[in-house]
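I would like to walk you slowly through one structure, beginning with the whole chain and ending with a single residue.

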Amino acid sequence: MHALGAIQVGDELPPIEAGPLRPEEFVRYAAASGDQNPLHTDPAVARSAGHGQVIAHGMLVMGLLGRVSAGLAGPGALRDFQVRFLAPTLPGERLRCGGRVTALQERAGMLIVQAELWALGDGDSVKASGTLRAELPAGAALTGSGTAP
Amino acid sequence: MIDPAVIGRCFGPYRVRVERAQISAFAAALGEMNPIYHDLAAARAAGYPDLPAPPTLGTCYGLWANPPLLAELALLGAPLPRLLHGEQRYSYHAPIYAGDTLTASPAILGLERKQGRSGSFELLTLETQWHHQHGALALVDRLVVVVRNSVQ
């Protein structure tokens with residue numbers, strides 16, 4: 001029996017929307033993360049690398065998925081978080097980032113939660129997909145606040 | 001092409017100090033405005049001893065933010081202009097907070113040759129085990145980088 005409000009397989013994590021993304025956001029992310037690869041900030045470098053324009057840092061997209069994970073688990077409760085980058089994200093695109101609980105297991109009074117994650121761009125193109133595993137107190141609910149210890 | 005003998009090669013060690021200002025700026029660049037990442041009092045009220053690391057903070061200390069490590073890979077035949085991020089995995093073993101000092105020696109775990117539509121490429125797997133100042137394993141960062149054999 002699950003308590004009212006407890007996490008269920010199939011529950012969707014509160015989604016996050018971003019964009020339309022602006023090149024200045026890539027510049028800001030580059031400075032904050034220390035990733036100064038000009039592929040993300042210099043259109044001439046991006047063109048010489050075979051892209052039409054600068055592309056978003058993959059880790060910017062994973063960072064947005066990290067925000068989605070906060071709907072389930074605070075930074076102390078995440079155990080594993082992995083993402084595959086499937087397509088470049090360009091300026092002007094909107095991203096819709098979400099996730100869904102795929103498995104639950106109770107062990108030693110804790111709830112082990114697995115979820116799948118996705119980042120969709122314009123036209124539902126899949127930019128990134130991933131998974132997470134978190135360890136929560138039994139009976140935990142989706143919070144969206146990211147403050148679970 | 002990269003010599004398969006690079007598998008097992010270690011780099012560093014690299015040491016980083018986790019700074020409050022970096023946590024706050026990094027979270028803000030992701031649009032993450034939860035006060036636990038920006039305000040010490042809010043973090044403490046939520047039960048954390050200091051600002052906690054957002055889930056992907058490790059990237060601030062990883063390959064893309066480490067010019068000496070990028071230079072090492074360039075010497076092995078994997079220069080930055082031919083690299084793309086393929087996959088990223090973080091395994092969380094102990095919490096990381098502002099004020100911590102982390103140390104790691106990234107290692108090449110694997111090298112795989114692939115054939116794609118636009119030519120051959122290699123997948124280089126780099127694993128970084130970050131340890132806390134007291135020796136405990138904190139974070140395992142496993143990064144798969146796509147090394148294109150031409151940039152077109």
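**A walk through chain A**

What you see here is a predicted model, and for chain A the mean pLDDT is 91, with 93% of the residues reaching 70 or more. There is one stretch to treat with care, residues 145–149 of chain A, where pLDDT stays under 50, although the model has 19 contacts there beyond four places in sequence. Where pLDDT is low, the predicted coordinates should not be read in detail.

Let me turn to the overall layout. Taken along the principal axes, the C-alpha atoms of chain A fill a box of roughly 60 × 30 × 20 Å. Of the 149 residues in chain A, 48% are buried, and among the contacts with a separation of 6 or more, 68% come from residues 24 or more positions apart.

Now to the interior. In soluble globular proteins, nonpolar side chains tend to be buried together. The largest nonpolar core in this model holds 85 residues, and the ones that touch the most other members are Leu72(A) and Phe81(A). Helix 3 of chain A, residues 58–69, gives the most to this core, with seven residues. If we leave aside the neighbours within four places in sequence, the contacts of Leu72(A) include Ile7(A) and Leu13(A), as well as Val113(A), Leu132(A) and Leu142(A).

Next, please look at helix 1 of chain A, which covers residues 23–33 and in which Phe26(A), Tyr29(A), Ala30(A), Ala32(A) and Ser33(A) are buried. What covers these buried residues of helix 1? The cover includes helix 3 of chain A and also helix 1 of chain B, residues 20–29. Just after helix 1 of chain A comes Gly34(A), which takes a positive phi of about 85°.

Finally, consider His40(A), which sits in the loop between helix 1 and helix 2 of chain A. Is His40(A) buried or exposed? Its relative accessibility is 8%, and because buried means under 20%, His40(A) counts as buried.

Key: Residues are numbered from 1 along each chain as its sequence is written. Chains are lettered from A and ligands numbered from 1 in the order in which they are written. This is a predicted model: local features need pLDDT of at least 70, side-chain atom pairs count only at pLDDT 80 or more; totals for chains, interfaces and linings use all residues. Side-chain values use heavy atoms; hydrogens and water are left out. Buried means under 20% relative accessible area, exposed over 50%, partly exposed in between (1.4 Å probe, protein chains only). Contact means heavy atoms within 4.5 Å. pLDDT is the predictor's confidence in each residue, from 0 to 100. A nonpolar core is a set of buried Ala, Val, Leu, Ile, Met, Phe, Trp, Tyr and Cys residues joined through side-chain atoms within 4.5 Å. Helices (H or I, at least four residues) and strands (E, at least two) are DSSP runs, numbered from the N terminus.
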